[in-house]
Amino acid sequence: MAYLGNPARTKEVLAKFGMSAKKKFGQNFLIDSGVLDGIVSAAGVTKDDCVLEIGPGIGSLTQYLAESAGKVVAVEIDKTLIPVLADTLSEYDNVTVINEDVLKVDIEAIVKEYNGGNPIKVVANLPYYITTPIIMKLFESGAPIESITVMVQKEVADRMAMGPGNKDYGSLSLAVGYYAKASEVMDVPPSSFIPQPGVGSAVVKLTRYSEPAVCVQDEKYMFEIIRTSFNQRRKTLSNSLANNPALRVSRDQVQAALAEMGIDEKARGEILSLEQFARLSDILQRSSA
Ligand code: SAM
């Protein structure tokens with residue numbers, strides 16, 4: 001089998017189909033076999049696994065996944081790539097390509113149909129323009145997902161793995177930390193792609209916890225607090241939270257809650273850990289109107 005993960009084959013396939021990468025779909029095709037190997041081995045894919053790939057492109061990563069996994073289901077939005085994938089993946093009988101927008105598909109239904117509702121692994125070189133919505137959809141879908149091993153913008157990988165007090169710490173760090181353990185697998189330079197992205201990349205692995213990392217009475221309310229705190233990063237917590245009518249709390253109530261937790265009343269959200277946000281959420285919810 002002639003693998004696609006190199007510059008010559010990638011250019012050949014694009015030329016054969018008269019295609020070029022589409023910016024609007026975040027298309028940057030991997031041409032580095034070392035990186036492709038690294039992704040598949042970090043994901044720990046075996047023949048017992050069903051893998052969901054998001055955005056197979058021309059099939060470079062899909063080929064590697066098809067070799068290692070029992071089953072691969074690949075969701076691609078760009079309909080012009082479907083005949084390309086039929087060609088480049090013709091040797092594999094364990095791949096199903098679905099021509100859909102991943103943000104609109106029912107992930108749980110896919111897991112049911114292709115893996116009998118058993119846990120799957122997600123592996124992808126993500127389209128960077130929708131990284132956060134995709135990650136949040138995967139976590140919030142309720143589908144059994146064991147791990148998510150994905151190529152993302154380096155800056156986003158850093159944000160996912162950061163703790164409080166760091167400039168990259170924010171609502172994405174907290175959301176990821178609630179559901180999974182994040183570890184950076186490797187940095188990837190722009191030269192590993194055609195066309196080269198304007199930013200550095202990194203592969204990150206999110207291994208899902210069996211239960212969320214903290215116990216909180218109402219996770220929606222907690223995530224509303226988190227979003228509000230980081231949307232208005234420069235304001236104190238008491239000012240930003242009191243400004244959001246959805247939270248139904250006054251400045252005094254927030255200050256009292258912070259005092260109860262032994263936190264300075266002028267604190268900003270960026271110093272609070274996930275555990276502290278959970279506690280603040282429970283206290284505020286009790287006192288909210
Ligand atoms: N996996 C290929 C590789 O590594 O060479 C391509 C990766 S490229 C960075 C991102 C892929 O995601 C493209 O094929 C793009 O068309 C696809 N894509 C973009 N938005 C999508 C969406 N909403 N749903 C599904 N696929 C999408």
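R248 is partly exposed, with a relative accessible area of 39%. Here buried means under 20% relative accessible area, exposed over 50%, and partly exposed in between, with a 1.4 Å probe and protein chains only. R248 sits in the loop between α10 (237-242) and α11 (251-260). Its phi is positive, about 55°, although R248 is not a glycine.

This is a predicted model: local features need pLDDT of at least 70, side-chain atom pairs count only at pLDDT 80 or more, and totals for chains, interfaces and linings use all residues. Residues are numbered from 1 along each chain as its sequence is written, and side-chain values use heavy atoms, with hydrogens and water left out.

Helices (H or I, at least four residues) and strands (E, at least two) are DSSP runs, numbered from the N terminus.

**Around the ligand**

The ligand is surrounded by 24 residues. To be near a molecule, a residue needs one heavy atom within 4 Å of it. The closest are L30, G55, E76, D101 and N125. The shell divides into 12 nonpolar, 7 polar and 5 charged residues. In this count Ala, Val, Leu, Ile, Met, Phe, Trp, Tyr, Cys and Pro are nonpolar, Asp, Glu, Lys and Arg are charged, and the others, Gly among them, are polar.

| Residue | Part of the residue | Distance to a ligand nitrogen |
|---|---|---|
| G55 | polar backbone atom | 2.8 Å |
| D101 | polar side-chain atom | 2.9 Å |
| Y129 | side-chain N or O atom | 2.9 Å |

Taken alone, the ligand exposes 600 Å², and the protein buries 99% of that. These areas come from the Shrake-Rupley method with a 1.4 Å probe.

**N125**

N125 belongs to strand β5 (residues 120-125). Is N125 buried or exposed? N125 counts as buried because its relative accessibility is 14%. Its side chain reaches the backbone oxygen of N28 at 3.2 Å. A polar contact is a pair of N or O atoms within 3.5 Å; within protein, one must be able to donate a hydrogen and the other to accept it, and residues adjacent in sequence count only if both atoms are side-chain atoms.

**Two more places to look**

I194 and P195 are joined by a cis peptide bond, with omega about -15°. P195 is in the loop between β8 (193-194) and β9 (201-208).

S287 lies in helix α12 (residues 274-287). S287 counts as partly exposed, at 30% relative accessibility. S287 and Q253 are 34 residues apart in sequence, and their C-alpha atoms are 7.2 Å apart in space.
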